[in-house]
Amino acid sequence: MRSSQLLPGRCLLCLLFLGAACLPAAPAGRPERHPDFEVGFLAFDDDHWLMAAEKMRAAEVRWAEDGISTRITDRWFEPYAPTYFLGRALAKLGCREQALAALRRSAICQREIRGRGAERAACQGLIETLRVAPPAPPAPGVDCSRRGRQR
Amino acid sequence: MKAEETLTPGPSPTPPAPTTRERGKKARASAAFVLALLLGGLAAGAQSNLETNSGIHFNFSPPGAPNLALGGAFIGLADDATAAYTNPAGLIKILHPEVTTELRRTHVFTDRGLLPSDANTACFEDRACWCQAQHRLDPGTSLGLEDGSARDTVPALSFLSYVYPRQRWALALYRHELVNFEARFRTFGPYLRLSRSRTPTGIPGDLDGRLASLDNRMRLDIVNYGVGGALRLGRGWSLGLALSASDFRLATRAERYVPAYRDAPDFASLPLVNVQTQEGDAVRLSGTLGLRWESSGGRLSLGAVYHRGPSFPFAARSRDVDPATALAYDLRQQGRFHVPDAYGLGLGLRLSDALRVAVDVDRVEYSALTRDLIDIFGLATLFAGRDPELDRFHVDDAVELHAGVEYFFLRSPVPVSLLAGAWYEPDHSLVFEGANEGFRAMFRPRDDQLHGSLGVGFSARRVQAYVAYDHSPRTRVLSLSAVMRFLDD
């Protein structure tokens, strides 16, 4: 190999890598990763509502909902909205009051977050649906008053 | 398969029909394939010593624009639909059905033999040079042969896949272009030694002062139509297997002209001396075996993969078309074109939601290309026992290093990512190291290549789109890819 021919390319690539490495990895103060939200979202995606509710509760304790994109897998992202997903999971479990409470405190539902209009509309629609729905018992084996894992 | 050689003066014979034994081999090939794949059986390999073959470009880089931009480092990450080809074990990472498409436009700078201009050199307009000084072929000096810049552009749908994932397994259907190479280049007959004469056949010889002027056309396509699957094994492990029917089409034609010793060739008026062709059209099985492990938090992933290259038959022919020569020959042979096996290891590291890096090490067994190499010219037959020196052709296996980094701008409503990568591609040219200076001139080593790549793209809720560019001194690749996923809500 003629190293002189490759030198400019090497220098350019080194600069690119250095530049990329120097970029801030995440917005200031925000955790680098959200493993509880990630696991909770995957559980939500698989219709495992109990697991989803548990992980979303843990995620919102760790970092409050901000609606910023969070990577789930590959190059697919979801808004970081643990409270919103908690509300949706509780609604699926039949815990209407707890679901309404979660959705009403969800940041994505309560205020304008850029690019999250669709989620906000869905959240507000779900609140309205739950609000007018007749009372119903929770799913079998679900204790809506418990905050931890339910079997 | 050993080359079968016949020397037939006058009219052309029909190609030999496959023997019963060969048909039996074909029938058993499918059943033996999976076993051979799992046992990592040895690959045979062959092309021919036709000059046109010296610039074939295989596309072993992973499909998908973002993976191209990562410097091709994707074995360890392997978490999108292109994993169907790169490392099928990674298909298990896909959550929803997806369709992925990629368009690639590849510029390959093929070679022409030409001499550089200096004080003792006068060049024709089209860069073919006439050297007035006597000098030996020596690639290490500025007076040696240098590569030209005949450029070939191949825009193509290079990858298409559909992935259907379930919780413990995933299935993919895909189409992948392994080779899409088209070249049309002319050589003007480079000078090796001015004190020597030249052979009237134009076939490279030991004592040539100037090589024949060639008009080359080549079209080579190898397209894989495959099905891949992945199985979640637990504890972060997954296993993947992809089997594909590889559709091979080869058509090359090299026309040889012998202009007057000091003249530039005029391809329109010069008499054609002889023609060499290679033709193949076949479908064979190939496959990929992959393994992937991911840490419990998804921070670290490792991958290993083995690609088993298919092997295709082709017909090679060399015939004299110049009525002025006493040599009336029509030489037909059967050869095999072998796609090299390749295997690799990869690492993916997710430093944060916003940043991840990937590193791969691949080994491509290019040396398989020289096994059972056929002598398309029939030198031993035409020239009373001349040694074609087929054992003096070689190709080095290549150990490639790939590295890339990807950064996501998460605050953007639609996340945008920037990618950069580099990879090192050792020279894998077919090289001749025998006494025949004509072959030494045409089959000579080239420089190793360092590729640099960049990419950018965005990911909406259901759609991703990426564009990437890979640059090296001999290739330029522009890639566009899009992914659409199908969500329930």
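Trainee: Is the crossing of α2(A) and α4(A) left-handed or right-handed?

Mentor: The crossing of α2(A) and α4(A) is left-handed, a term used if the near helix is turned anticlockwise from the far one by less than a right angle. Before we go on, this is a predicted model, where local features need pLDDT of at least 70, side-chain atom pairs count only at pLDDT 80 or more, and totals for chains, interfaces and linings use all residues. Residues are numbered from 1 along each chain as written, chains are lettered from A and ligands numbered from 1 in the order written, and side-chain values use heavy atoms, without hydrogens and water.

Trainee: Thanks! At what angle do the axes of those two cross?

Mentor: Helix α2 (residues 35-45) and helix α4 (residues 82-93) of chain A have axes that cross at roughly 30° and come within 11 Å. That makes α2(A) roughly parallel to α4(A), the label for angles under 35 degrees.

Trainee: Which residues meet there?

Mentor: From α2(A), F37(A), F41(A) and F44(A) meet P82(A), F85(A), R88(A) and A89(A) of α4(A), contact being heavy atoms within 4.5 Å. By class, that contact has 6 nonpolar, no polar and 1 charged residues.

Trainee: And how do α4(A) and α7(A) cross?

Mentor: The axes of α4(A) and helix α7 (residues 117-132) of chain A cross at roughly 35° and come within 11 Å. On the α4(A) side the contact uses Y84(A), R88(A) and A91(A), and on the α7(A) side E119(A), A122(A), C123(A), L126(A) and L130(A).

Trainee: New topic: how much area do chain B and chain A bury between them?

Mentor: About 3,900 Å², with 54% of it on carbon and sulfur atoms; buried area is the accessible area (1.4 Å probe) that two parts lose on being put together, summed over both. In chain B, R350(B), D353(B) and P413(B) lose the most area to chain A, together 15% of what that side buries.

Trainee: How many salt bridges are there between chain B and chain A?

Mentor: The count is 5, where a salt bridge is a side-chain nitrogen of Lys or Arg within 4 Å of a carboxyl oxygen of Asp or Glu. D80(B) and R75(A) meet in a salt bridge at 3.2 Å, N to O.

Trainee: What about E294(B) and K93(B)?

Mentor: Their side chains meet in a salt bridge too, at 3.0 Å, N to O. E294(B) lies in strand β9 (residues 272-294) and K93(B) in the loop between α3 (83-86) and β2 (98-110) of chain B, so the pair ties together parts 201 residues apart in sequence.

How values were computed: Axes fitted to C-alpha atoms, helices over the stretch in contact; angles between N-to-C directions. Helix = DSSP H or I, 4+ residues; strand = E, 2+ residues; numbered from the N terminus. Parallel < 35°, antiparallel > 145°, perpendicular 65-115°, else oblique. Nonpolar A, V, L, I, M, F, W, Y, C, P; charged D, E, K, R; others polar.
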